[in-house]
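Me: I am new to this structure and would like to learn how to read it, one feature at a time. Could you take me through it slowly?

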Amino acid sequence: MTSVLDAAPLTNSLTAGKLPRRSSLWILLGSWAVSAAIFAMLYLSGSVDGFNIVGTVVFGTVLYCVAIYVLSRLVEGSRKAKDRLMTALVTAAFIIALLPLISIIYTTVVNGLPAFLTPTFFTESQRNVVGAGGGVLHAIVGTLMVTGMATLISVPIGLLASIYLVEYGRGRLAKAITFFVDVMTGIPSIVAGLFAFALFALLFDDPGIRFGFGGSIALSVLMIPVVVRSSEEMLKLVPNELREAAFALGVPKWLTILKVVLPTSIAGIVTGVMLSIARVIGETAPLLIIAGFTSSMNYDLFGERMMTLPVFVYTQYANQGADSQAYIDRAWAGALTLIVIVMLLNGLARLIAHWFSPKLGR
Amino acid sequence: MTTAAATTIKARQRPGDRIFSSATLIAGGLILAVLAAVAIFLLVESLPAFIADPGEFSGDTTNFWSYVGPLVFGTIYSAILALIMAVPVAIGIALFISHFAPRKLAQGLGYLVDLLAAVPSVVFGLWGIGVLAPLVQPFYSNLVDWFGWFPPFAGPVSGTGRTIFTVAIVLAVMILPIITAICREIFLQTPLLHEEAALALGATRWEMIRMAVLPFGLPGIISASMLGLGRALGETMAVAMVLSPSREVIFQLLTSQNSNTIASNIALNFPEAHGVGVNILLATGLMLFVVTLLVNMLARTIINSRKAFSGAN
């Protein structure tokens with residue numbers, strides 16, 4: 001390998017051999033072509049059924065990594081070769097992460113669309129439905145009510161707590177709250193469900209308790225820390241000059257916060273709240289524990305079991321009836337509904353942040 | 001943070017001020033109270049499990065600890081496997097976004113990875129069982145045929161692909177976004193002068209990353225991995241749907257008998273549980289809570305020990 005350098009000991013690294021421009025692109029295309037040829041031969045020889053496109057890309061990429069390393073090592077030396085190899089690996093890591101995302105969205109759309117487009121899907125519940133048909137209206141109503149109540153609980157508490165941390169909190173208590181808010185973002189969702197269950201089972205002395213409001217409490221435990229974190233970041237962005245100007249005019253501190261600080265940061269806070277809703281609306285485990293499942297409509301948060309969209313997906317999958325394909329179709333359609341809601345919330349949140357964010361001139 | 005001068009002039013406290021500031025104080029205190037309440041209520045409700053009758057436990061287990069043992073093993077085993085797969089890829093993605101991708105694209109690419117975090121876990125479960133398990137099953141048969149002498153790959157192979165290894169892959173995908181997000185933040189905080197100094201000495205881009213970025217980001221990578229570990233330990237639905245569980249400690253990765261995890265065991269058995277069975281499940285939940293709390297506290301302490309990382313979440 002070092003013979004190239006030995007042969008021309010006086011050439012410095014700036015003028016030493018380099019692979020031609022765009023050579024990495026051509027090598028990549030070349031290795032894909034080679035691997036496609038190999039897989040095509042396997043296909044034509046009849047030893048495998050079907051042309052394996054995933055195998056082609058994966059094998060071709062591995063081939064590229066080897067080829068670029070060897071070629072670059074021969075022409076450019078070992079340090080440059082390592083650099084090229086790592087560039088290829090890092091890029092591959094990114095592509096690898098995108099594959100499941102694409103695969104999930106694709107399969108959900110393809111499997112979910114047939115039942116999703118049934119006319120009754122959004123207008124009926126599953127009551128007395130055996131086999132195909134019925135809809136998710138009961139689950140959508142349940143999800144909206146449970147998540148809405150969770151938002152009503154979490155936003156005031158979370159917002160006030162973040163105001164405390166940014167505007168008032170000094171010393172140990174504020175540090176402890178900041179620390180444990182961060183820790184709380186890592187609580188497993190099922191633990192939040194178990195907590196809500198334990199709380200209400202003790203309160204009402206009912207060891208089999210299931211109702212929608214308990215689900216809201218469980219979701220609030222998960223949602224509050226997210227709201228606090230995001231609101232805190234947004235409140236910190238408000239320039240101090242605004243607060244000082246208000247104080248200089250003799251405005252009390254609480255009015256300064258309500259009339260100056262909050263309006264300035266409201267776009268960011270709304271974005272944070274929407275992202276936190278998007279995060280808890282897909283939670284299954286806590287609702288399975290405390291809200292339970294049913295196939296009927298229930299508009300009462302405080303009584304009886306309440307179906308929610310994620311739990312609908314799970315139960316349709318887990319308790320398949322005689323016509324199992326109908327249940328699986330509905331599970332995928334429910335998943336599609338859920339993904340659409342989450343993506344809409346995410347997209348809307350980013351748009352709000354983009355449109356209304358204060359122009360800080362940075 | 002408002003800067004407090006050494007000689008602050010005390011503002012007059014109006015009623016509005018008092019009400020508002022105590023309201024914020026109560027809200028802040030409430031968060032700590034909730035965390036304490038989670039621990040207390042779970043503890044109170046799980047006490048009966050520790051003194052439960054041997055007959056209350058399903059299978060041939062006679063006390064709580066032999067019941068929860070295999071579950072703890074399954075939880076940690078699957079989470080560690082997921083971590084081993086996710087961390088290198090996450091570091092790669094974070095490096096790609098922070099140092100390799102074109103500047104203009106970097107933000108959009110970051111959003112793409114964040115979208116993965118927006119997918120609900122139950123959808124991951126459906127995908128794992130409907131797409132991933134059938135996809136990887138042929139590989140598993142080959143692995144068992146060729147490498148069956150290696151204990152973790154010992155047979156008989158699962159016919160459905162619903163093994164702990166598949167679960168670990170799904171978990172790895174699910175924890176990728178959080179590890180990536182934190183690593184990315186930290187890599188971007190590498191002092192520019194360090195990077196430029198390395199490049200000026202003639203380092204290639206990879207050598208610059210080895211010399212400047214990775215040493216600087218190491219504590220961040222460690223704590224990001226631990227946060228990911230916390231997520232993987234507590235993940236419920238994906239495991240509950242994909243895994244074909246059993247009640248023993250099993251090291252084999254590719255068989256149809258796999259140790260269940262705590263969270264998935266709760267989700268599978270809670271709807272039908274009654275009597276002391278509920279308390280037993282709550283007690284396993286308490287174990288899970290304690291473990292994840294410790295992991296998260298350790299991770300946050302490491303992050304906080306370097307103040308510059310506080311923006312990372």
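**Reading the two chains**

Reply: The secondary structure of chain B comes to 10 helices and two strands, and, read along the sequence, these elements follow the pattern α-α-α-α-α-α-α-α-β-β-α-α. Please keep in mind throughout that this is a predicted model.

Me: What box do the C-alpha atoms of chain B fill, and what percentage of the residues in chain B is buried?

Reply: Taken along the principal axes, the C-alpha atoms of chain B fill a box of roughly 70 × 60 × 30 Å, and buried residues make up 49% of the 313 residues in this chain.

Me: How many residues of chain B are in contact with chain A?

Reply: In general, the size of an interface is often given as the accessible area lost when the parts come together. Here we can count residues instead: 73 residues of chain B are in contact with 77 residues of chain A. On the side of chain B that touches chain A, the largest share, 19 residues, comes from helix H1 (residues 15-50) of chain B, and the residues of that side divide into 49 nonpolar, 17 polar and seven charged.

Me: Which residues touch the most other members of the largest nonpolar core, and where does this core lie?

Reply: The largest nonpolar core has 193 residues, of which A:Phe195, B:Leu126 and B:Leu171 touch the most other members. Because domain 1 (3-114) and domain 2 (137-356) of chain A both give residues to this core, it lies between them. Leaving aside residues up to four places away in sequence, B:Leu171 touches B:Ser78, B:Ala79, B:Ala82, B:Ala232, B:Glu235 and B:Ala238.

Me: How far apart are the C-alpha centres of the two domains of chain A?

Reply: The C-alpha centres of domain 1 and domain 2 of chain A lie 43 Å apart, and the contact takes five residues from domain 1 and six residues from domain 2. On the side of domain 1 that touches domain 2, the residues divide into two nonpolar, three polar and no charged.

Me: Is A:Gly272 buried or exposed?

Reply: A:Gly272, which lies in helix H10 (residues 253-280) of chain A, is buried, because 26 other C-beta atoms lie within 10 Å, and 20 or more are enough for that label. A:Gly272 and A:Ala349 are 77 residues apart in sequence, yet 7.5 Å apart in space, C-alpha to C-alpha.

Me: What is phi near in A:Asp205, and where is this residue found?

Reply: Most residues other than glycine have a negative phi. Phi of A:Asp205, however, is near 55°, a positive value, and A:Asp205 is found in the loop between helix H7 (189-204) and helix H8 (212-237) of chain A. A:Asp205 is exposed, with 8 other C-beta atoms within 10 Å.

Methods. Residues are numbered from 1 along each chain as its sequence is written. Chains are lettered from A and ligands numbered from 1 in the order in which they are written. This is a predicted model: local features need pLDDT of at least 70, side-chain atom pairs count only at pLDDT 80 or more; totals for chains, interfaces and linings use all residues. A nonpolar core is a set of buried Ala, Val, Leu, Ile, Met, Phe, Trp, Tyr and Cys residues joined through C-beta atoms within 7 Å. A residue is buried if 20 or more other C-beta atoms lie within 10 Å of its own, exposed if 12 or fewer, and partly exposed in between; C-beta atoms are placed from the backbone. Domain bounds come from an automatic or database domain assignment. Two residues are in contact if their C-beta atoms, placed from the backbone, lie within 7 Å. Helices (H or I, at least four residues) and strands (E, at least two) are DSSP runs, numbered from the N terminus. Ala, Val, Leu, Ile, Met, Phe, Trp, Tyr, Cys and Pro count as nonpolar, Asp, Glu, Lys and Arg as charged, and the others, Gly among them, as polar.
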